[in-house]
Amino acid sequence: MAALINSNIPQLKLLSKGKVRDIYATTSSPNHLLFVASDRISAYDVILKNGIPDKGRVLTELSLFWFDKLEHIISNHVITSRIEEMPEEVQQYKEQLEGRSILVRKAEVVPLEAIVRGYITGSAWAEYKRTRTVHGIPQPEGLLESEKFPTPLFTPSTKAEQGAHDENISPERAASLIGQELYDKISAVAIKLYTTAAEYAATRGLIIADTKFEFGLVDGGLILIDEALTPDSSRYWPQEGYVPGRGQPSFDKQYLRDWLTSQGFRKGLEGGPDGQGWTMSDEVVQGTRERYLSARDILLK
């Protein structure tokens, strides 16, 4: 089973190529964009040379589920995921696009990664060990790795250009970048989205440790864009066996991050040990694919 590393839609103009998604203009629908989720995967802001078969379809299916489930909190950019409802110039690529494409509203992207953390892990845990802060926010003494915060934390980061690294920033700096009023609105909405999603996931035996949202503006109104609560943008842990004080098994990219670290990855080696990039072993491809499929199946079935 081959992974779709690059989409190929020659009749549409490719506007941008992100870590995962290819974004196209649609000539007959100028206020809309076509989002295509490839099977590319990244870790530590590095795109791996090979991909994960079906990953783009899993991301799309989960995003559509969460967009629909959370629409009572905030509207989103989805127009349709049905190829037959998309412009004619898109429909001829149905075989390639089926299950991994969404026609969306154009939006002015808010240049902020809206991260909500319910548990202390990842870069938040690393910062806490050094300074007893998370994104510059003071935290109590004695927290354990993977421990649940008393209340979810909104911890923004910069939205870096491809090839650059997102930077964890303080709430004060985030507010200075986008304005205090918009910051306050995004913070409140993001925490409500996370809390609602975490409550549902708990009924399926999953913990959402943290997640990242992106927002846009359409006619001055705030909407949810990009993706929602996928294993790319979130940490999913099984409730069974959860014990604070250590790392947790997960249904997300942590498996890949751990493998990269074990292979000697560090800052400065983004191009791979030989400068030719990083290629996952077949075992890591399969292990990552199984984790993504498991997250989907637990949440949706």
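Asp219 is exposed, with a relative accessible area of 83%. This residue lies in the loop between strand 14 and strand 15 (221-225). Its phi is positive, about 50 degrees, although Asp219 is not a glycine. The model is a predicted one, and these values are computed from it.

Ser146 also has a positive phi without being a glycine, here of about 75 degrees. It too sits in a loop, between strand 11 (137-138) and strand 12 (148-154). Is Ser146 buried or exposed? Its relative accessibility is 0%, so Ser146 counts as buried. Asp219, at 83%, counts as exposed because the cut-off for that class is over 50%.

Now step back to the whole chain. Its secondary structure comes to 8 helices and 16 strands. The radius of gyration is 19 Å, close to the 19 Å that the globule rule gives for 301 residues, so the chain is as compact as a globular protein of that length. Along its principal axes, the C-alpha trace spans about 60 × 45 × 40 Å. Of the 301 residues, 51% count as buried. The accessible surface comes to about 13,800 Å², and carbon and sulfur atoms hold 50% of it. Take the contacts between residues at least 6 apart in sequence: 66% of them join residues at least 24 apart.

The largest nonpolar core has 60 residues. Trp66, Leu193, Phe213, Phe215 and Met280 have the most contacts inside it. Which element gives this core its largest share? Helix 6 does, with 10 residues. A second, separate core has 11 residues, including Leu12, Tyr24, Leu34 and Leu97.

An α-helix has 3.6 residues a turn, so residues three or four places apart point the same way. Beyond its neighbours within four places in sequence, Leu193 is in contact with Leu70, Ile73, Ile74, Phe213, Phe215 and Leu224. After helix 6 comes Gly205, whose phi is positive, near 80 degrees.

Strand 14 holds Glu214. Glu214 is buried, with a relative accessible area of 6%. What does its side chain meet? A polar contact of 2.6 Å joins it to the side chain of Lys159. Residues up to four places away in sequence aside, Glu214 touches Glu113, Lys159, Ile223, Leu224, Ile225 and Asp226.

Helix 8 covers residues 282-300. Its 19 residues reach 27 Å from first C-alpha to last, close to the 27 Å expected at 1.5 Å a residue. Buried here are Val284, Val285, Gly287, Thr288, Arg289, Tyr292, Leu293, Ala295, Arg296 and Leu299. Where do these residues pack? Their partners are helix 1 (55-69), helix 6 (180-203), strand 14 (206-218), strand 16 (234-238) and helix 7 (254-262).

Helix 7 can be read from its own side. Its buried residues are Gln254, Leu256, Arg257, Trp259 and Leu260. They pack against strand 4, strand 16 and helix 8. Gly264 follows helix 7, and its phi is positive, near 100 degrees.

Ser38 is found in the loop between strand 3 (32-37) and strand 4 (42-43). Its relative accessibility is 1%, so Ser38 counts as buried. The Ser38 side chain reaches the backbone oxygen of Val20 at 2.6 Å. Leaving aside neighbours within four places in sequence, Ser38 is in contact with Leu4, Ile5, Val20, Lys55, Gly56 and Arg100.

Lys13 is found in strand 1 (residues 13-17). At 59% relative accessibility, Lys13 counts as exposed. Its contacts, apart from neighbours within four places in sequence, are Ile23, Tyr24 and Ala25. Lys13 and Ile23 are 10 residues apart along the chain, and 8.6 Å separates their C-alpha atoms. Tyr24, another of these contacts, is one of the residues in the second core.

Key:
Residues are numbered from 1 along each chain as its sequence is written. This is a predicted model: local features need pLDDT of at least 70, side-chain atom pairs count only at pLDDT 80 or more; totals for chains, interfaces and linings use all residues. Side-chain values use heavy atoms; hydrogens and water are left out. Helices (H or I, at least four residues) and strands (E, at least two) are DSSP runs, numbered from the N terminus. The expected span of a helix is 1.5 Å times one less than its number of residues. Buried means under 20% relative accessible area, exposed over 50%, partly exposed in between (1.4 Å probe, protein chains only). Contact means heavy atoms within 4.5 Å. A nonpolar core is a set of buried Ala, Val, Leu, Ile, Met, Phe, Trp, Tyr and Cys residues joined through side-chain atoms within 4.5 Å. The radius of gyration is taken over C-alpha atoms; the globule rule is 2.2 Å times the number of residues to the power 0.38. Accessible areas come from the Shrake-Rupley method with a 1.4 Å probe; for residues, only the protein chains shown count as cover. A polar contact is a pair of N or O atoms within 3.5 Å; within protein, one must be able to donate a hydrogen and the other to accept it, and residues adjacent in sequence count only if both atoms are side-chain atoms.
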